[in-house]
Every structure is written in structure tokens, then in C-alpha cells.
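Colleague: I'm new to this one, could you walk me through it?

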Amino acid sequence: MQINEEIRDKEVLLIDTDGTKIGIISVKEAQKMAYEKDLDLVKIAPTAKPPVCRILDYNKFKFEQAKKEKEARKNQKVVEIKEIRMFSAIDTHDFNTKVNQAQKFLKNGDKIKVSVRFRKRAIAHPQLGEELLEKFKEACSEFGAVEKPAKMEGRSIVMFMSPKTSNK
């Protein structure tokens, strides 16, 4: 943002401290009015014709902007993608452990990427991996829904799940 002497335009639309439009006046006159009030002239909308300037305390304005940005960042939820990797020949207990881990991730609001990797000659039976993902999807259906269905990528099948939104 341009302030005070940095403003090089001939005329600007001036807005006073209380938000009232003063009108289109020269920059010199606007700067003079700002100095009389012991405040700064700040160019708010540089692309407008004529540019819009406002009389305000620039340091206070910057502080409030930073405060708003900090508040917006604080309220923002960063969604992480957690990965669950399995092999096509997985034991029941190992499968249940992976399901429990996935349910924990979904409860925390994270998305999960479930991949079934095929070793050696197991690639000849991709239906086993699809069945495993279907079983996994049913086990996690209480906490999450499929975002992207199972798809073959190289030597593995990948599926994405996102947490269900609770309507409370």
C-alpha cells in the first residue's frame, strides 16, 4: 500500500476517518488534510478511477490487518492426507490393525490414502486387491466415505477416503 508522499496520482477520491466521502480532490490537498489531523493518507484502492485514498492511522491499520490475518489462520483447519499401505496377502489381525488406524485418522478429520501393493506374481490377481479395498471401505464406512474409488497405479491399487461430516 502506498502512503503519504508515495502516492503519485494527481487526483484521488478521499474518504475521511469516519468513513464519509469527501470527494475527488488533489493529492496535495488530501495530504494536507491528513497532516492537519496528524494521520496518514493511505491508498486503499489503487486500481479505481480515480484511486481511493483514506485518512487513517497507518500503524493501527497495519496492526488490525495482521490481527485479522492471524485470526483467519487460527480458524483454518489443515487437512492432512495419511497413507495406509497394505499388501495383497495380508493377515486378518494386520488388516484389523490398519482399519483401526484408519478409523482414528478419519475421526481426527484427516483424509486417508489406502494403497494395496502387489509383490512379484501377485500382480496377476488384481481382483484380490479390489476385494481387500472393498472390505476396508465397509469396515471404515461409519467414519469415512470414499472420495476417489479404487484405481490401479503401477503395481498398486489406490483409493482415497475422506471423513464424514457430522451434522451436530
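Predicted model: local features only at pLDDT ≥ 70, side-chain atom pairs only at ≥ 80, totals over all residues.

Colleague: Okay, rings to begin with. How many aromatic pairs does a search of the whole structure find?

Modeller: The search turns up one aromatic pair.

Colleague: What sits over the ring of F95?

Modeller: That would be the charged end of K135, placed 4.8 Å from the centre of the F95 ring. A further case involves F160, where K148 lies over the face of the ring at 5.2 Å from its centre.

Colleague: Switching topic, how many disulfides does the structure hold?

Modeller: The structure holds zero disulfides. A disulfide, in general, is a covalent bond between the sulfur atoms of two cysteines. As for cysteines in this model, C53 is buried at 0% relative accessibility, and C140 is likewise buried, with a relative accessible area of 0%.

Colleague: Now strands. In which sense do β5 and β6 pair?

Modeller: Strand β5, residues 81-87, and strand β6, residues 111-117, pair in the parallel sense over seven bridges, and R85 stands opposite S115 in β6. Together with helix α3, these two strands make a right-handed β-α-β unit, and α3 is also the helix in which F95 lies.

Colleague: Which strand is joined to β6 by six bridges?

Modeller: That is strand β8, residues 156-163, and β6 and β8 run antiparallel. Across this pairing, V116 stands opposite I157 in β8.

Colleague: Last one, what does S162 touch?

Modeller: S162 is found in strand β8, and, leaving aside residues up to four places away in sequence, S162 touches L106, K111, G144, A145 and E147. With a relative accessibility of 16%, S162 counts as buried, because the cut-off for that word is under 20%.

Note on methods: Residues numbered from 1 in each chain as written. Heavy atoms only, no water. Phe/Tyr/Trp six-rings, centres within 6.5 Å; stacked < 30°, edge-to-face > 60°. Helix = DSSP H or I, 4+ residues; strand = E, 2+ residues; numbered from the N terminus. Lys NZ or Arg CZ within 6 Å of the ring centre and 35° of its normal. Disulfide = S-S within 2.5 Å. Buried < 20%, exposed > 50% of the residue type's maximum accessible area, 1.4 Å probe, protein only. Pairing = 2+ DSSP bridges. Right-handed = clockwise from strand over helix to strand, strands pointing away. Contact = heavy atoms within 4.5 Å.
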